[in-house]
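Try each task before you read its solution.

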Amino acid sequence: MSPLESYKTQLLEQAAQVGALKFGNFTLKSGRKSPYFFNAGLMSDAYKGISLAACTALVLASIHGRDVKFAYDRKETKDHGEGGSVVGWPLGGKDKWRVVVVDDVMTTGLAASIAINHVTQQGGEVVGVVQLLDREEFFEIDEQGRKVSSVMKLEKLLGGKGKVRSVLKMRDLVKWLEEKEARGESSEDEKRSLQALREYRDAYGITTSL
């Protein structure tokens, strides 16, 4: 079995160091009890999308030479000044924006679905979604008895497989802890967390896109 890619290892280590990745007992928005929690927002939950979008645009410009604009939605529609519910959207432009929605992690995909709806209402086209971590778990069972994940739901909404991409997946998190344990670097808490993650995956896990 090939080792975890170095960038994934570094990202998980840094996330744990700054508290973006935590192990314990957490209640998700869905009400499900999870042995880990991931939140990469640099600000409060309500506005973390601003920092994620801004950092993405900054890296694309400074490292890859890509001039990419970004926008974000307000919690409430503004009826004065520039008005509207979206900040950064061109007013009166003729060009149709092609948009990629960015998020740190999705449980049910509701926030991303709302963002897609906002973009569509503004006359734009969402061509994909990129999330930092795919939890690789189902959140509902459809009428045919099939387990449905947030990724599957959004890919169907956007028109096909591959429309949602992830930097990390739950399987990477498990592998990261397994490799630490194999090297003898795991704490007792990390060993317990690894076992809890395996049990959680057995109960709720679902294989999404590679």
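A charge sits over a ring if NZ of Lys or CZ of Arg is within 6 Å of the ring centre and within 35 degrees of the ring normal. The model is predicted: local features need pLDDT of at least 70, side-chain atom pairs count only at pLDDT 80 or more, and totals for chains, interfaces and linings use all residues. Residues are numbered from 1 along each chain as its sequence is written, and side-chain values use heavy atoms, with hydrogens and water left out.

**Exercise 1.** Find which ring lies under the charged end of Arg 135.

*Solution.* Start at Arg 135. Its charged end sits over the ring of Tyr 36, 4.4 Å from the ring centre. Now go to Arg 32. Arg 32 lies over the face of Phe 138, 5.1 Å from the centre of that ring.

**Exercise 2.** Name the aromatic cluster that contains Phe 138.

*Solution.* Phe 138 forms one aromatic cluster with Tyr 200 and Tyr 204.

**Exercise 3.** Is Gly 24 buried or exposed, or in between?

*Solution.* Next, read the area. Gly 24 is partly exposed, because its relative accessible area is 40%; buried means under 20%, exposed over 50%, partly exposed in between (1.4 Å probe, protein chains only). Last, look for neighbours. Leaving out residues up to four places away in sequence, Gly 24 touches Ser 34, Pro 35 and Tyr 36 (contact means heavy atoms within 4.5 Å).

Terms used
Phe/Tyr/Trp six-rings, centres within 6.5 Å; stacked < 30°, edge-to-face > 60°.
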